[in-house]
Amino acid sequence: MIHMIKLCVGVASVEELESYRDERAHWWDADYGEDVHVHRTRMMPKRREEMEGVSSIYWVMSGTICCRQSILRLAKYTNAEGIDYCDIIMSPDIVRTLPYPKRPFQGWRYLRPEDAPPDMDSNDNENSAEIAAELARMGLI
């Protein structure tokens, strides 16, 4: 298994990502007929068999990994000009992770499971996320 990490460009918080969750599939005319969150990217992962149904996409917002979504499957999409894309079809559930600093990069990258930040406990609250983010910025977690 291998995860994916991607910058969440134009989205500054988990709450903002949640607000887009239900709209994104319709932005690209990619209605998969189910309750999913869809993100379109240019390249199909070569290791897709290791990802579908078992891995997650970790989102980087404002220089910090702060949440993830389970990848259900990866689908090829070809636009009217014949250009191929990859639709990342994800669970609509967004899981907050312990904040982990990450420098900007282009596109997406693979993320080994041992390098992925752990999920926040379900009893953690917004203050816990802010405290964890500050500790991460200080290099303490």
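This tour moves from the whole chain to its salt bridges, with a selection at each stop.

The structure is a predicted model, in which local features need pLDDT of at least 70 and side-chain atom pairs count only at pLDDT 80 or more, while totals for chains, interfaces and linings use all residues. Residues are numbered from 1 along each chain as its sequence is written, and side-chain values use heavy atoms, with hydrogens and water left out.

**The whole chain**

Followed along the sequence, the order is β-α-α-β-β-β-β-β-β-α.

Next, show the surface. The accessible area of the chain is about 8,000 Å², and carbon and sulfur atoms account for 49% of it; areas come from the Shrake-Rupley method with a 1.4 Å probe, and for residues only the protein chains shown count as cover. Of the 141 residues, 40% are buried. Buried denotes under 20% relative accessible area, exposed over 50%, and partly exposed in between (1.4 Å probe, protein chains only).

Contacts (heavy atoms within 4.5 Å) may be displayed as well. Where residues in contact are at least 6 apart in sequence, 65% of the contacts join residues at least 24 apart.

**The salt bridges**

Side chains of opposite charge can pair when their charged atoms come close. The whole structure contains eight salt bridges, each defined as a side-chain nitrogen of Lys or Arg within 4 Å of a carboxyl oxygen of Asp or Glu.

Select R96 and E15. Their closest N and O atoms lie 2.4 Å apart in a salt bridge. This pair connects distant parts of the chain, with R96 in strand β6 (residues 95–101) and E15 in helix α1 (residues 14–20), 81 residues apart. R96 is partly exposed at 26% relative accessibility, and E15 is partly exposed at 39%.

Move to R68 and D119, a salt bridge with its closest N and O atoms 2.8 Å apart. R68 belongs to strand β4 (residues 64–78), whereas D119 sits in the loop between β7 (108–111) and α3 (126–137), 51 residues apart. Is R68 buried or exposed? At 15% relative accessibility, R68 is buried, while D119 is partly exposed at 34%.

Then select K76 and D84, whose side chains form a salt bridge at 3.6 Å, N to O. Finally, select R112, E114 and D115, which salt bridges with shared partners join into one network.

Note on methods:
Helices (H or I, at least four residues) and strands (E, at least two) are DSSP runs, numbered from the N terminus.
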